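Please look over the sequence and the model below before reading on. The report then goes through them part by part.

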Protein chains: 2
Amino acid sequence: MTELRWYGWGTIDKTYALDHRPDAWNFLRAALDLRGDESFPACDFNSLRLRAPRLTDAQLNALRAMTSPGAVKTDTPTRVLHAYGRSYRDLVRLRRGEIPHPPDAVVYPATEEHVERVLTFCAQNDIALIPFGGGSSVVGGVEPRDERVTITLDLARLNRVIAIDEISQTATIEAGIRGPDLERELNARGYTLGHFPQSFEFSTLGGWIATRGAGLMSTGYGKIEALTQSVRVATPRGVIETRNVPATAAGSSLLQLLIGSEGTLGVITRATMRVRRLPKTKDYRALLFKSFADGVAAIRLMLQRGIVPATVRLSDEAETRTLRVFALREASRGWKEFVERIALRYLHARGYAFERGALMILGFEDSPLTGAGLTLCKSRGAFDLGHGIARAWLRDRYETPYLRDVLMDRGILVDTLETATTWENVERLYQELGRTIRQSTEGTGSRALVMTHVSHCYRDGASLYVTFLARMARGREIAQWETIKRAATGCIMANGGTLSHHHGVGYEHAPWMDRENGAVGMDALKALKGALDPGNVMNPGKWLEAGLSSTDVAIDYQERFWNRTDKR
Amino acid sequence: MTELRWYGWGTIDKTYALDHRPDAWNFLRAALDLRGDESFPACDFNSLRLRAPRLTDAQLNALRAMTSPGAVKTDTPTRVLHAYGRSYRDLVRLRRGEIPHPPDAVVYPATEEHVERVLTFCAQNDIALIPFGGGSSVVGGVEPRDERVTITLDLARLNRVIAIDEISQTATIEAGIRGPDLERELNARGYTLGHFPQSFEFSTLGGWIATRGAGLMSTGYGKIEALTQSVRVATPRGVIETRNVPATAAGSSLLQLLIGSEGTLGVITRATMRVRRLPKTKDYRALLFKSFADGVAAIRLMLQRGIVPATVRLSDEAETRTLRVFALREASRGWKEFVERIALRYLHARGYAFERGALMILGFEDSPLTGAGLTLCKSRGAFDLGHGIARAWLRDRYETPYLRDVLMDRGILVDTLETATTWENVERLYQELGRTIRQSTEGTGSRALVMTHVSHCYRDGASLYVTFLARMARGREIAQWETIKRAATGCIMANGGTLSHHHGVGYEHAPWMDRENGAVGMDALKALKGALDPGNVMNPGKWLEAGLSSTDVAIDYQERFWNRTDKR
């Protein structure tokens, strides 16, 4: 695999070519009130000085003996790559070279027995253990947060497709497999899992399950908890294996307790997943609605009438404007095709405009209801833009995270957050969240560009996904971001959203878990954690035993900006 | 409401008219090797002598003061109706008049505050508390199993539809509402929950959720855990209310932990349910396959191709034969219509026969794929029998439980059990389970009639539902049944089935929970129970803290019949 970008997203051979998008930079300068002299480069990798690993030679040798000689790494590049996930806070600290708590070692088990041995070793030696898939967490899910010696368990070598049951259409797969490898093996047999999160290229099956992830096609294929038939989890008290059955009434769901546990109960080592035959036909196209509200209503009606696309994704007016600016690049085949085919003028004449419209990507796979879906959207005023834009979206769907690094280079704060709520509440939460982010960003001395889309849709509601950009408050980058993040999260919790629809909890969302589940519910889950992990070695300091409760942090989403300089 | 049948199913004004089915009795006599002199009448209700209620007058008055004067009952009819569920074991004991452990009182809360007060009272006074919905449990879910004073909390008065959110298509409903009342209120607003278990007329929303139930249309509408958006549960440690959102990634699923908890963690007092618009079109029809295997393959292919009927239900050859015999009654409109329209002779000429075919009920609601489903079935050899039989099935679908009482009157053991497994394993488990029930019944000196259907179907598998009949071993009715039940359950667990797909666990399935979840998983769930219910007052002696483990009971499904007389 190509070398990973230690301070940012993906591999170093790839970037997001902002230079080829002539209008993009001018648009951002104006929108964010940039002065043009901002820049926030990463420090020199060679200047990084990590704390020496705190494992003894005897311990390291024991770890090698219970796995394999090459399975235990303590070199700086490996520890740096496992020190953080990929949240904005993480990327700021990496660029600054602030890595005070890297893991003391990274262990790469090759078998489930290796995992169990390392787990037992950690429990016996009071060593914290962090399961690690792709490291793409944006909520602090894989960061060492414990003063104890810490081992990160990278599951990359547990990457086999063990068996495919073609009759039941399930596949039993080891947890460390990455998206592209998984799909390649399934595709070769004619199947797909249909799980394509934006982190797809780097994230793993185990990570998806541990965080209750959702893919871009989750409206049709389902969220990961719907795709998972069973899991095998190694805990400090022993292995739990749930039954390979389509459904059960055998008490509370142990499976749905392990899904979403984020490494705090044990290590997911394998899972049996529901797979499907590769679709024979796909119809992905873009539609332009006259307003976000029109598009939201169309999605709701589609879903409630049983017209279920693989993906449906509706950008609000602000995101639609921005997408158009960013899409107008030199090599933009999809848009070129469209621009050539239907002049913008034609659209304008009919009352449509990218400046005040809402763009929808609507994709059906093997669906006899494609036409019905289109008809319904048109009845709500949608203009069919054809396949070009949707093809470009499909092609480029994993590129956006690279843009974040390019923007951060230029001194721009950029982050995303997401939630889900009922249809009845979508508009209110959308408005409230946008206002909160704009206001709290203003409080930090910057102007925010806030863009939202609806995606991951259900009969009863949908996810809201928000991207926000602002000029970095230099010297106070993390405090600035925390102000906005806390305000936004407080707003979500106060206005009927869930703490997260697919990013997970980690430690960044942990303070609000009492509010999500209630203190009684959290106490019960913590007691369960205590039974499985009495020594609290499994991913400590995260959601299930985080010391913080919602009363410890200011969740007033009008909170004023902390006028201080970041200090760790 | 009409008076309930204290020793059997439903109301006393209804019965299953075996007398009007001239062939049925002769068929059963032959199949079960009946001698004709069997009978097992219920004892005289007036001969029942219950233990005096063990609550003091002060306690009873306190309970009245915290609820309402009429809310606390200790009369014999009420206590008898709340002493058992409706399993075969329960019905045998009722007929014999064996009720050594009735609840000491039955309390009918009218508000959620009443529930919380009674719960606190029980926790403070070390009184066991059993939440009670319709009392239709067939797994011992509502029976007092604790030596302590026991109160049964009948939720019948908590029966309001609180609110319907027409935008999100959800309804917030109190837990004690019964099926017909719930559907009537929803239907009046144009909606349906789509949950129609066989117990529909008597069971409650809270009971469905507490036991992870499934309705006859669950293939299309989903099992209750898919229909439940959120719950409110009163526990001894306080109230838990999960968030009203379509999906979440906020850690392990607290919601899916409360669903299926069977009253052992707390009392479900309300839930927000996903409802749908009433279907505009329905197409229910019967098909005849040449074999059970052909039909199973057709269902699997339908589901895996995205053709999802509301209901699909395939009887094996034995059940098909029996259904035909029982359906040929005087007033059988559906069958008459069919018999008149297509002569059996015509079917025979084409190689179809009820004697060796498999009957399918296939129902689509508002589906554009009805034709595709039919075409697929026909490509697998199905003969379309039209709408008549299906209409009769729909009309009579809640009648079968009444038949059980009629058969027990005549000295026939009759019970059902169910599981779910993957498509790959359906045939093997089906064969093994049938053989096991026949053999273990033979070991008790009787001949079994075993009938199975596939229902509640998924992309990856389906439920197997087995009905078995045999001549009662008089004087040893319960021992005979236990022998068969244990053998069958052992067989399910040894052959890849789940302990239950929709009946639940109660105490009858509890001994196998270690095998279903593993001892580690059960220890974790028990720790969670300890945190919510430290005094173990919530439905004690059931699945979550049953003392029995799978090693305590003989689960060898070849186990020999216990040659002893039942004694409690």
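## Confidence in the model

This is a predicted model. The mean pLDDT of chain A is 92, and 93% of its residues score at least 70. For the complex, the predictor gives an ipTM of 0.94 and a pTM of 0.95.

One stretch of chain A needs caution. Over residues 546-568 the pLDDT stays under 50, and the model has 49 contacts beyond four places in sequence for these residues.

## Overall fold of chain A

Chain A contains 20 helices and 18 strands. Along the principal axes, its C-alpha atoms fill a box of roughly 75 × 60 × 45 Å.

Of the 568 residues in chain A, 58% are buried. Among contacts between residues at least 6 apart in sequence, 78% join residues that are at least 24 apart.

## Domains

Three domains are assigned in chain A: domain 1 (42-157), domain 2 (161-246 + 255-277) and domain 3 (282-397). The centres of domain 1 and domain 2 of chain A are separated by 23 Å, taken over C-alpha atoms.

How many residues of domain 1 of chain A are in contact with domain 2 of chain A? There are 15, and they touch 19 residues of domain 2. On the domain 1 side, helix H5 (112-125) and strand S3 (128-132) of chain A are the elements that give two or more residues. H5(A) gives the most, with 5 residues. By class, this side of domain 1 of chain A has 8 nonpolar, 4 polar and 3 charged residues.

## Helix H17 of chain A

Helix H17 of chain A covers residues 400-409, and its buried residues are A:Pro401, A:Leu403, A:Arg404, A:Asp405, A:Leu407 and A:Met408. An α-helix has 3.6 residues a turn, so residues three or four places apart point the same way. The buried list includes A:Leu403, A:Arg404 and A:Leu407.

Against which elements do the buried residues of H17(A) pack? They pack against helix H4 (88-96), S16 and S18 of chain A. After H17(A) comes A:Gly411, which has a positive phi, near 80°.

## How the two chains pair

Two copies of a chain are related by a rotation about an axis and a shift along it.

In the interface, 75 residues of chain A are in contact with 75 residues of chain B. The elements of chain A that give two or more residues to this side include strand S8 (228-235), strand S16 (412-422), helix H18 (423-443), strand S18 (461-471) and helix H20 (513-532). H20(A) supplies the largest share, 14 residues. By class, the side of chain A that touches chain B has 28 nonpolar, 33 polar and 14 charged residues. The copies meet through the same surface, because 100% of the interface residues of chain A are also interface residues in chain B.

Terms used:
Residues are numbered from 1 along each chain as its sequence is written. Chains are lettered from A and ligands numbered from 1 in the order in which they are written. This is a predicted model: local features need pLDDT of at least 70, side-chain atom pairs count only at pLDDT 80 or more; totals for chains, interfaces and linings use all residues. Helices (H or I, at least four residues) and strands (E, at least two) are DSSP runs, numbered from the N terminus. A residue is buried if 20 or more other C-beta atoms lie within 10 Å of its own, exposed if 12 or fewer, and partly exposed in between; C-beta atoms are placed from the backbone. Two residues are in contact if their C-beta atoms, placed from the backbone, lie within 7 Å. pLDDT is the predictor's confidence in each residue, from 0 to 100. Ala, Val, Leu, Ile, Met, Phe, Trp, Tyr, Cys and Pro count as nonpolar, Asp, Glu, Lys and Arg as charged, and the others, Gly among them, as polar. Domain bounds come from an automatic or database domain assignment.
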